Amino acid sequence: MRSVSAFAVTPASVSSRRRVVVLGSTGSIGTSCLDVIAHLPTRLQALGLSAHASWEALSEQAQRFRPRWITVTDPALMPRLERSTLPASCALLCGDEGIVTMVSDPEVDVVVSAIVGAAGLTGTWAALEAGKTVAFANKETLVMAGPLVMDLAARRQARLLPVDSEHSAIFQALQGSSPREVERVVLTASGGPFRGRTRKELADVSVEQALQHPTWRMGPKITIDSATLMNKALEIIEARWLFDLDPARIEVIIHPESVIHSFVEFTDGSILAQLSPPDMRLPIQYALTYPERLAGPTKRLNWRELSAWHFQQPDHDTFPALQLGFEVARRGGTCGAVLNAANEAAVGRFLVGELSFLDIVTACRAVLEHHHFSAAPSLAELATLDRWARQEVMRWTHLHHSTTRT
Ligand code: MG
């Protein structure tokens, strides 16, 4: 639980207008983040925005929020961009260089890391290196390189604040407590669109069915991860590093309504939880205004309509991703980077119809079991393994495809 002490508040950080850089501003988390900023104009200001390729949405955001910079990370797009739509005061930057310029500027207070997948590591790393507060929605960063990221944050006295709803709930429940007092944390999971199904029933589900999440509206990658429960597996690993928790102290329970976002059980038997309707704007706002709570745009619970919340034990046979998550959290080292890359590649293959739904996790396990494990890898080694794992999934896919078709 070493990281929690790094969350201590400095008086100067309270009640001034915070200048925010949003990496991945046109995605699901990015647009929710700008909605929060728009609702709190006296407290928050968007100073920089970035998108990979969604130029139209990004230039609209630039007109609306008047940031100092925007960055397009896909360099191939640069020659074709119509810059005349941008406000005169807004500079257009390109690629990882643009990201680093924005996140390390001395005037920036908070960096929101909302780029999906392994691509989010660069910006998070540069922001921590610059000693910034990072509100991170990109769980892949901690999954891939948890020990290195936490170590960097500690060395640079940078603060990592979770945006993931479960981790925000745990973080909120931990306020005012000592890490020694934590008995366990219980991550809640909606169960996704296939809760209650058997493995056999999932053999030939379509991409469209897998994209129908019952409670959360999110981007395609995380929605598929929620259907396989790989999202929860990644969250187990994220919690393991963020809160420095022994994986034996982490549990998962299915809670279909997605109102209780996680529990913390303390040594005396008390359990604290954080509750709110499923709306990412609340954990985003808490990370942006921490430690203050302000009236924002978030939906409220209607106590007059409330009747019951439900819980179930997870079905490990149908959703083997969960066990994989616990195994990777226990082994650490290179496992997180391999699992993360394999999963991203496998989800990509599923979305284009080359892998079946159940194959996603099967491919991840196969690639994980074949990699050369190292207990304390460098960032460069992790980057190499990331590329290797993606190629292995391609190989596995083609092998599997040709076998099933003969
Ligand atoms: Mg989550």
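The model is predicted. Its secondary structure comes to 14 helices and 11 strands. The radius of gyration is 21 Å, close to the 22 Å that the globule rule gives for 406 residues, so the protein is as compact as a globular protein of that length.

**Overall build**

- The C-alpha trace spans about 60 × 60 × 45 Å along its principal axes.
- Of the 406 residues, 57% count as buried.
- Among contacts with a separation of 6 or more, 70% come from residues 24 or more positions apart.
- The protein exposes about 17600 Å². Carbon and sulfur atoms supply 52% of that area.
- There are 39 positive and 42 negative side chains. The centres of the two sets lie 3 Å apart.

- Strand β1 covers residues 18–23. In β1, 5 of the 6 residues are buried, so this strand is largely enclosed by the rest of the structure.
- β1 pairs with strand β2 (residues 44–51) in the parallel sense, over 6 bridges. Here Val21 has Gly48 of β2 as its bridge partner.
- β1 also pairs with β5, again in the parallel sense, over 4 bridges. Val22 has Val112 of β5 as its bridge partner.
- β5 (residues 110–113) is covered on both faces. Val110 and Val112 are buried on one side, and Val111 and Ser113 are buried on the other.
- β5 pairs in the parallel sense with strand β6 (residues 133–136), over 4 bridges. Val111 stands opposite Val134 of β6.
- Read across, β1 pairs with β2 and with β5, and β5 pairs in turn with β6.

- Helix α12 covers residues 335–351 and contains Asn340.
- Asn340 is buried, with a relative accessible area of 0%.
- Beyond residues up to four places away in sequence, Asn340 touches Ala118, Glu140, Val143 and Met144.
- Thr334 sits in the loop between α11 (321–331) and α12.
- Thr334 is buried too, with a relative accessible area of 1%.
- Setting aside residues up to four places away in sequence, Thr334 touches His371, His372, Phe373, Ser374, Pro377, Leu382 and Leu385.

**Helix α13**

- Helix α13 covers residues 357–370. Of its 14 residues, 10 are buried, so the helix is largely enclosed by the rest of the structure.
- The buried residues are Phe357, Leu358, Asp359, Ile360, Val361, Ala363, Cys364, Ala366, Val367 and Leu368.
- Thr362 also belongs to this helix.
- Thr362 touches Arg199 and Trp396, not counting residues up to four places away in sequence.
- Ser258 is 104 residues from Thr362 along the chain. Their C-alpha atoms are separated by 27 Å.

- Tyr286 lies in helix α10 (residues 281–289). Tyr286 counts as buried, at 7% relative accessibility.
- Leaving aside neighbours within four places in sequence, Tyr286 is in contact with Ser168, Phe171, Gln172, Gln175, Glu292 and Arg293.
- Tyr286 and Val163 are 123 residues apart in sequence. Their C-alpha atoms are 8.1 Å apart in space.
- A cis peptide bond joins Tyr290 and Pro291, with omega about 5 degrees. Pro291 lies in the loop between α10 and α11.

**Backbone exceptions**

- Most residues other than glycine have a negative phi, and most peptide bonds are trans.
- Arg66 has a positive phi, near 50 degrees. Arg66 is in the loop between α2 (55–65) and β3 (69–72). With a relative accessible area of 51%, Arg66 is exposed.
- Leu229 has a positive phi as well, near 70 degrees. Leu229 lies in the loop between α8 (220–228) and α9 (230–242). At 4% relative accessibility, Leu229 counts as buried.
- In short, Arg66 is exposed, whereas Leu229 is buried.

How values were computed: Residues are numbered from 1 along each chain as its sequence is written. This is a predicted model: local features need pLDDT of at least 70, side-chain atom pairs count only at pLDDT 80 or more; totals for chains, interfaces and linings use all residues. Side-chain values use heavy atoms; hydrogens and water are left out. Helices (H or I, at least four residues) and strands (E, at least two) are DSSP runs, numbered from the N terminus. The radius of gyration is taken over C-alpha atoms; the globule rule is 2.2 Å times the number of residues to the power 0.38. Buried means under 20% relative accessible area, exposed over 50%, partly exposed in between (1.4 Å probe, protein chains only). Contact means heavy atoms within 4.5 Å. Accessible areas come from the Shrake-Rupley method with a 1.4 Å probe; for residues, only the protein chains shown count as cover. Lys and Arg count as positive and Asp and Glu as negative; His and the chain ends are not counted. The place of a charge is taken as NZ of Lys, CZ of Arg, CG of Asp or CD of Glu. Two strands pair if DSSP finds at least two bridges between them.
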